[in-house]
Structure formats: structure tokens, C-alpha cells
Amino acid sequence: MPVFLRKTIAVLASTAALVVGIAPAAEAAPRVLTYNSNGAAEFKAVVDEGAKVWNDSVKNVKLVKTTGAANITIVADNGWPRAQPTTLGNGRVWMGRQAVDQGYYPPRIASHELGHILGLPDIKPGPCSSLMSGSTGGIPCKNIYPNASEKARVEAKFRPSVMATGEWNNQFVDAG
Ligand SMILES: [Zn+2]
């Protein structure tokens, strides 16, 4: 092997070792929540947009689309948009046409309702910069993103606990 090649390999190896050495401890995987929007009719695309908003905004939870059994079921109907969380991260969202017919922005409705499933209450009245201000942000409001405090609240709710990140199903045999 030519000397220069050996040197190159040695440099690459030490670089790799350095990268491994300074890499931060692996972060816990986000909690994955599935959503099924089969019944969301004309709102399927905005539901995906709302899920992406949350995936881009927080790291402790991740929304993944499915066509089967899901944590979150999303449907369309003619009422007001609403959400019914059953437990944190589980429940049902109605993409109600009544608000859309009045001019409210559908992608904001989707991310707002998903915010309820992620454990956030309505924060009304509030400015457009707040996602959970909902309709009180005004009909022209097109902000689809949670603000810093809304993001922090969701991150805190889905913070991986010591229990969640421990090693499970191992037997700790304390034989004498
Ligand atoms: Zn709401």
C-alpha cells in the first residue's frame, strides 16, 4: 500500500474516532403517535400539513400517518372544528366545515385541533401568534405554528421519562 494512502486511511480513522468521541449521548426516540385521516374528506392534505407543523416544531413526539388503527382519528363534518382527547396523544378530531365556511384557515384549524390531542387547552382570547388562541386569532389569521410557550408545553408533556427510557424486560437476578 502506498504511503500516502495509508496516511489517508489513518487520518480518516482518527477523524471517525473523534466524531464518535464527541457525539452527544443518543437522544431518546420521540413518542410516535399515528393518525388516520381516512374520514377527513377534502381536509386530508391540510391534516397532513397540521401534522408536519408539529413534527417540525417539537422533538419529543412525532405524528405518523396510517390507514389502520391509530392513536388519532380525524374526520370531516359540517359542525365546528373540535377535538376530543381521550388520553394524552389519543383521541378524535373533527375538521368542521362551519369554520371553514366562515373563512377560517383550514391548515390552522388542523394544527390547532392536533394541539388539543397533544395536551394543549384553548388559550382564548389570544393573538394570531398563538396557535391555541383558535378563532380568537381572527378570521384572517394564517399562523399555523405553535408559539414558544405552546411548543414547550408539548415537549414537557412528552418528555421521555426515566421509566420510558430504561431497560425493560430484563431480569435483574440478584443471586447471592
Ligand atoms: Zn380549540
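Two strands are taken to pair if DSSP finds at least two bridges between them. In this predicted model, strand 1 (residues 31–39) and strand 2 (residues 61–65) meet that condition, pairing in the parallel sense over 5 bridges. The protein chain comprises 176 residues, of which 29% count as buried.

**Overall architecture**
- The protein chain contains 6 helices and 5 strands.
- Read from the N terminus, the order of elements is α-β-α-β-β-β-β-α-α-α-α.
- Of the contacts between residues at least 6 apart in sequence, 57% join residues at least 24 apart.

**Strand pairing around strand 1**
- In strand 3, T73 is the bridge partner of N36.
- A right-handed β-α-β unit is formed by strand 1, helix 2 (residues 44–57) and strand 2.

- In soluble globular proteins, nonpolar side chains tend to be buried together.
- The largest nonpolar core here has 33 residues, and V47, V93, M95 and L114 have the most contacts inside it.
- At least two residues of this core come from each of strand 1, helix 2, strand 2, strand 3, strand 5 (90–96) and helix 4 (106–117).
- Helix 2 provides the largest share of the core, with 5 residues.

**Contacts of M95**
- Apart from neighbours within four places in sequence, M95 is in contact with A40, F43, V47, I74, A76, P81, I109 and A110.
- One of these partners, V47, is itself listed with M95 among the residues having the most contacts inside the core.

How values were computed. Residues numbered from 1 in each chain as written. Predicted model: local features only at pLDDT ≥ 70, side-chain atom pairs only at ≥ 80, totals over all residues. Helix = DSSP H or I, 4+ residues; strand = E, 2+ residues; numbered from the N terminus. Right-handed = clockwise from strand over helix to strand, strands pointing away. Core = buried A, V, L, I, M, F, W, Y, C linked by C-beta atoms within 7 Å. Buried ≥ 20, exposed ≤ 12 C-beta atoms within 10 Å, placed from the backbone. Contact = placed C-beta atoms within 7 Å.
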